[in-house]
Amino acid sequence: MPSLQDEEFQLFRRWLYRSAGINLSPGKKALVAGRLGKRLRHHGLGSYGDYFRLIMAERGGGELQTALDLLTTNETYFFREPRHFDFLRQQVLPALGRGRPVRLWSAACSSGEEPYSLAMTLAEALGAGPWELVASDISSRVLAQAGRGQYPLSRAEHIDTRLLHKYCLKGVGEQEGSFLVERRLRQRIRFMQINLNQRLPEIGDFDVIFLRNVMIYFDLDTKRQVVERILPRLKPGGYFIVSHSESLNGVSEALRLVQPSIYRKP
């Protein structure tokens, strides 16, 4: 396997910044080499530079999307940062008027653990009442996985046992060792491929937007542009939630801090 040269790493680094707004640090060189190495083997290529030229020659093609998927997928799990789900259940949902649709957007949903956690929270609080959940990501590969709603049983460790039994099915036979989020919950989520660094499609307005564990990969200018692009989709009085390791300090003055990582639009 060829090694990833510094100049080759810079090619991928600049391309990923232009395409997804992600600013890879020099320490991510090994990650890029590891994730793309199997694609070199698949195509029988002798260098990472050859692979870069391949995806650039295929603009809009399948391999370009494959490379983007491999470099933008991040680790996630069910009910990550549980205080956000507590806040949603205890503070937000009871205050929203009954009878009108409650709309949430999981704007960097990865392989689906966050939107399914939100869906369970909404179903518990609102039942079959009117609620809508949009879940988006830049990666078509993780969106396909999210749409299936099937996960190894080891991924269920952060799901409350009662919710697991109520909303998930345990695999048997060939599916043993996995669980499936039940159909009626899967059907309540609209999965979409959205690049937050491009013009947003028409997806309506939301009461709550989750944008967690993605802005850590953006530089300050990109953060400002992404938030400015998203905020018109947040209803007045709506909540904008980032991860505990993120902040909008210096990014936007259009939101009021409610508590660390939770903001509200006036």
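In helix α7 (residues 140-148), the residues V142, L143 and A146 are buried, where buried means under 20% relative accessible area, exposed means over 50% and partly exposed lies in between, for a 1.4 Å probe and protein chains only. These residues cover an arc of only 105° around the axis, which puts them on the same side of α7; the arc is that of the directions from the helix axis to the C-beta atoms. An α-helix has 3.6 residues a turn, so residues three or four places apart point the same way. Helices (H or I, at least four residues) and strands (E, at least two) are DSSP runs, numbered from the N terminus.

This is a predicted model, in which local features need pLDDT of at least 70 and side-chain atom pairs count only at pLDDT 80 or more, whereas totals for chains, interfaces and linings use all residues. Residues are numbered from 1 along each chain as its sequence is written, and side-chain values use heavy atoms, with hydrogens and water left out.

### Surroundings of α7

The buried residues of α7 pack against α6 (113-126), β2 (131-137), β3 (150-152) and β6 (189-193), with contact meaning heavy atoms within 4.5 Å. Just after α7, G149 takes a positive phi of about 70°.

### Domains and their interface

The chain is divided into domain 1 (6-71) and domain 2 (82-265), with bounds that come from an automatic or database domain assignment. The C-alpha centres of domain 1 and domain 2 lie 28 Å apart, and ten residues of domain 1 are in contact with eleven residues of domain 2. Between them, domain 1 and domain 2 bury about 890 Å², 44% of it on carbon and sulfur atoms; buried area is the accessible area (1.4 Å probe) that two parts lose on being put together, summed over both.

Across the interface of domain 1 and domain 2, the rule finds zero salt bridges, a salt bridge being a side-chain nitrogen of Lys or Arg within 4 Å of a carboxyl oxygen of Asp or Glu. Between domain 1 and domain 2, nine residue pairs are in polar contact, with both residues at pLDDT 80 or more. On the side of domain 1 that touches domain 2, the elements that give two or more residues are α1 (6-20) and α4 (62-72), and α4 gives the most, with four residues.

The side chain of E81 reaches the backbone nitrogen of H244 at 2.9 Å. Not counting residues up to four places away in sequence, E81 touches R212, N213, S243, H244 and S245.

### Salt bridges

By the same rule, the count comes to 14 salt bridges, and the table gives some of them.

| Salt bridge | N to O distance |
|---|---|
| K29 and D6 | 2.5 Å |
| E124 and K166 | 2.8 Å |
| E182 and R184 | 2.4 Å |

The salt bridge between K29 and D6 links distant parts of the chain, with K29 in helix α2 (residues 29-43) and D6 in helix α1, 23 residues apart. K29 counts as partly exposed at 25% relative accessibility, and D6 likewise counts as partly exposed at 49%.

The salt bridge between E124 and K166 also links distant parts of the chain, with E124 in helix α6 and K166 in helix α8 (residues 161-167), 42 residues apart. E124, at 29% relative accessibility, counts as partly exposed, as does K166 at 41%.

E182, whose side chain meets that of R184 in a salt bridge, counts as buried at 12% relative accessibility. Salt bridges that share partners join E81, E114 and R212 into one network.

L45 lies in the loop between α2 and α3 (48-57) and, at 24% relative accessibility, counts as partly exposed. The C-alpha atoms of L45 and M1, 44 residues apart along the chain, are separated by 9.5 Å. Not counting residues up to four places away in sequence, L45 touches L40, D50, Y51 and L54.

How values were computed: A polar contact is a pair of N or O atoms within 3.5 Å; within protein, one must be able to donate a hydrogen and the other to accept it, and residues adjacent in sequence count only if both atoms are side-chain atoms.
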